[in-house]
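Colleague: I would like a close look at a single strand and its surroundings. Please take it step by step.

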Amino acid sequence: MSDASLYDSNIAHWDHFAKDLDKQPWGIASMKLWRKLLPHVLKAAPFDKDTSEVMDFGCGNGFNASLLVPHAKSILGVDVSSGMVDEFNSNIQKWGLADEGKISAVRVDLTEGGLDNKKFDIIFSTMVYHHLPSVDETTKILASFLKPGGRLLIIDWIKGQDKQQYSEQIDRIMKVDGFDEEEMKATFERAGLESLGFEPAAKINEMVGDYYLDKTAYLAWGGRK
């Protein structure tokens, strides 16, 4: 599949499944996983409720960002799926977080610019990298949005764990099945970041829809020098 087709397939897929994702099997499993990951995320970057400006890249429906609200000054969700951005902003209203004025999402493709050169103390991305046409290109772009001393946190699957054949619907939105420590370290370094850590951070072991998932997610983090 070409990179352009992968990109378009992901937008179509997530636009279609955005509505009420938190009530669907994959959405429910993702929320469980994020709760396990959260303590690791908070240790990997110096979150400060008074100063930290945070970007959630590939923000989905807003659940992940919502749990970071007590730990940040502001959070901006970024996604190429307009359906997911709409769901994010709707959920923020539903969950009673909109009145604080510190969290929202926008539909933007960072490869095309945008955000008026805003810079962030922390950028995190959860289960997005295995969908990307180019992790190197994306990491370089994300690094350009970091303030000096800023942190980039990437969460994805450790590679080589898939033991089953996924449906065509899932296969057409995945570039790879995951990454290992050396790949993430090299990706950070090619983007001009210092690789600061990599750890297996959370495991999922349950039926998710029609699939039995027995996989471990990693957290990798790097910093702008």
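Modeller: The model is a predicted one. Lys-118 forms a salt bridge with Glu-53, and their closest N and O atoms are 3.2 Å apart. The two partners come from distant parts of the chain, 65 residues apart. Glu-53 belongs to strand β1, while Lys-118 sits in the loop between β3 and β4. Glu-53 has a relative accessible area of 16%. The cut-off for buried is under 20%, so Glu-53 counts as buried. The salt bridge is also part of a network that links Glu-53, Lys-118, Asp-121 and Lys-147.

Now to β1 itself. The strand covers residues 53–57, and five of the five are buried, so β1 is largely enclosed by the rest of the structure. In a regular strand, side chains alternate between the two faces of the sheet. Here, Glu-53, Met-55 and Phe-57 point one way. Val-54 and Asp-56 point the other way.

Next, the neighbours of β1. Strands of a sheet pair through backbone hydrogen bonds, parallel or antiparallel. β1 pairs with β2 (residues 74–79) in the parallel sense, over five bridges. β1 also runs parallel to β4 (residues 120–126), joined by three bridges. Val-54 shows both contacts of the strand: its bridge partner in β2 is Ile-75, and in β4 it stands opposite Ile-122.

Step back to the sheet. It is open, with seven strands and mixed pairing, in the order β3-β2-β1-β4-β5-β7-β6. The edge strands are β3 (103–107) and β6 (193–208), each pairing on one side only. The twist averages 20° from one strand to the next. On the β3 side, helix α4 (residues 82–94) lies across β2 and β3, running at about 165° to β3.

A salt bridge joins the side chains of Asp-214 and Lys-203 at 2.8 Å, N to O. Asp-214 lies in β7 and Lys-203 in β6, so the pair ties together parts 11 residues apart in sequence. Both residues are partly exposed: Asp-214 has a relative accessible area of 30%, and Lys-203 has 40%.

Notes: Residues are numbered from 1 along each chain as its sequence is written. This is a predicted model: local features need pLDDT of at least 70, side-chain atom pairs count only at pLDDT 80 or more; totals for chains, interfaces and linings use all residues. Side-chain values use heavy atoms; hydrogens and water are left out. Buried means under 20% relative accessible area, exposed over 50%, partly exposed in between (1.4 Å probe, protein chains only). Helices (H or I, at least four residues) and strands (E, at least two) are DSSP runs, numbered from the N terminus. Two strands pair if DSSP finds at least two bridges between them. Axes are lines fitted to C-alpha atoms, for helices over the stretch in contact, and angles run from 0 to 180 degrees between N-to-C directions. Contact means heavy atoms within 4.5 Å. A salt bridge is a side-chain nitrogen of Lys or Arg within 4 Å of a carboxyl oxygen of Asp or Glu.
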